[in-house]
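Subject: Structure for your review

Hello,

Here is the structure I said I would pass on. My notes on it follow below the display.

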Amino acid sequence: TWHLKKIPQIVSERTFSLDSPKFEAKTKLELNSVCGIECQRNLPVPSLSELKDFLSYETVFENGTRTLTEVNVVGLALDPAGNTTTQRSSRKKRQIYGTDSRFSIYDKRFMTNFPFNTAVKISTGCSGILVSPKHVLTAAHCLHNGKDYVKGSKRLRVGLMKTKSRGDGRKRKGARRSRREVLEDGKPSFQWTRVKSTHIPKGWFKGVSGDIALDYDYAVLELKRPHKRKYMELGISPTIKMMPGSMIHFSGFDNDRSGQLVYRFCSISDESNDLFYQYCDAEPGSTGSGVYLRLKEPNKKKWKRKIIAVYSGHQWVDVNGEQQDYNVAVRITPLKYAQICFWIHGNDENCTRG
């Protein structure tokens, strides 16, 4: 069951202008030397002032201007236990683990209906998920390498799935044909929408967060115009024990299956307070996908899917001085729920329960 929780509040304190970014970083879909499970266990619990710093955020607008918003955190009870993790199971190498268990979705009826219609393509080469009529959740490293914004993020666009139908040959007013991917029947084509603004937590930036940057590998994009499609709501990530079969699901646009929407599900192997470690088969391109669960609503017989993590991709992490590979997802904790909800609604009134 989805358990409603009282959410701490993220309150905007002040916003000021920054210099425009250079937009010169290269897109990198695999991260090196990030803090792994053993490293997470040894991290001290962030203080309230550190959390306020990590959860402050940059906003980049379509015209290249940039602001920094400092925030306050209200109603948070700090957990003295720190970054607890479950027992580590043995690791395997490679992004496709043993038999490839991914499913390509070809049927238009599935592709254009919930939950698969919520998957979107980001013009920098990642995936994302619709979380409101105008917002997309994705991974921060699809847009920023920790030091600068990636080249393709200056004119960022989001591709929403549509199926080819009569009239697709006509140009939409103001749209250039080269900006659309028109594929044969049975595969998705994309309606590309410009991004109005991008929010990234300051905790993602190197020099601010040090070793815990991966905990903040998420971003929200605001679209220029509403998409009028069904989107997926946010949920607070439960612990592994509270998940049916410990199973998670996500869909994205893996690079090795060009033009296909790829769905997969798998069980989680390990967790820390902020991360899930799993063996979901995935290739670059699916990074930034929304990871979701299907649980019952409180006091109802209906089931509901909610996003509980962002797929950060295949990452190399330091474990006892050695580099090991994992497929990692960033959990939506109550604090992250409060921040993402604040970005979506522009206030904290709609974000008190999650």
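**Core and contacts**

Val158 is in contact (heavy atoms within 4.5 Å) with Val120, Lys121, Ile122, Val136, Gln191, Trp192, Thr193, Val195, Leu221 and Leu223, leaving aside its neighbours within four places in sequence.

Before the rest, two notes on the basis. This is a predicted model, in which local features need pLDDT of at least 70 and side-chain atom pairs count only at pLDDT 80 or more, while totals for chains, interfaces and linings use all residues. Residues are numbered from 1 along each chain as its sequence is written, and side-chain values use heavy atoms, with hydrogens and water left out.

Val158 and Leu137 have the most contacts inside the largest nonpolar core, which has 68 residues. A nonpolar core here is a set of buried Ala, Val, Leu, Ile, Met, Phe, Trp, Tyr and Cys residues joined through side-chain atoms within 4.5 Å. Buried means under 20% relative accessible area, exposed over 50%, and partly exposed in between, with a 1.4 Å probe and protein chains only. Helix H4 (residues 334-345) gives the largest share of this core, eight residues. Helices (H or I, at least four residues) and strands (E, at least two) are DSSP runs, numbered from the N terminus. Another core, of 17 residues, lies apart from the largest one and includes Phe276, Ala282, Ala309 and Ala329.

**The chain as a whole**

The chain has four helices and 18 strands. Of its 354 residues, 55% are buried. Among contacts between residues at least 6 apart in sequence, 75% join residues at least 24 apart.

**Aromatic rings**

Rings of Phe, Tyr and Trp (its six-membered ring) pair if their centres lie within 6.5 Å; planes under 30 degrees apart count as stacked, over 60 as edge-to-face and the rest as tilted. The count comes to ten aromatic pairs. One of them is Phe116 with Tyr263, edge-to-face at 5.5 Å centre to centre and 85° between the planes. This pair links distant parts of the chain, 147 residues apart: Phe116 is in the loop between helix H3 (108-111) and strand E6 (119-122), and Tyr263 is in strand E14 (residues 261-271). Tyr263 also pairs with Phe265; their centres are 6.1 Å apart and their planes at 40°, so this pair is tilted. Tyr263 is buried, at 14% relative accessible area, whereas Phe265 is partly exposed, at 34%. Elsewhere, Phe54, Tyr57, Tyr216, Tyr218 and Trp343 form one aromatic cluster.

**Charged side chains**

Ten salt bridges are found in the whole structure. A salt bridge is a side-chain nitrogen of Lys or Arg within 4 Å of a carboxyl oxygen of Asp or Glu. Arg264 and Asp254 form one, at 2.9 Å from N to O. Arg264 lies in strand E14 and Asp254 in the loop between strand E13 (247-252) and E14, so the bridge ties together parts ten residues apart in sequence. Arg264 is buried, with a relative accessible area of 0%, and Asp254 is buried at 2%.

Glu222 and Lys196 form another salt bridge, at 3.9 Å from N to O. Glu222 is in strand E11 (residues 219-223) and Lys196 in strand E10 (residues 189-201), so this pair ties together parts 26 residues apart in sequence. Lys134, Lys196 and Glu222 are linked in a network of salt bridges.

Regards
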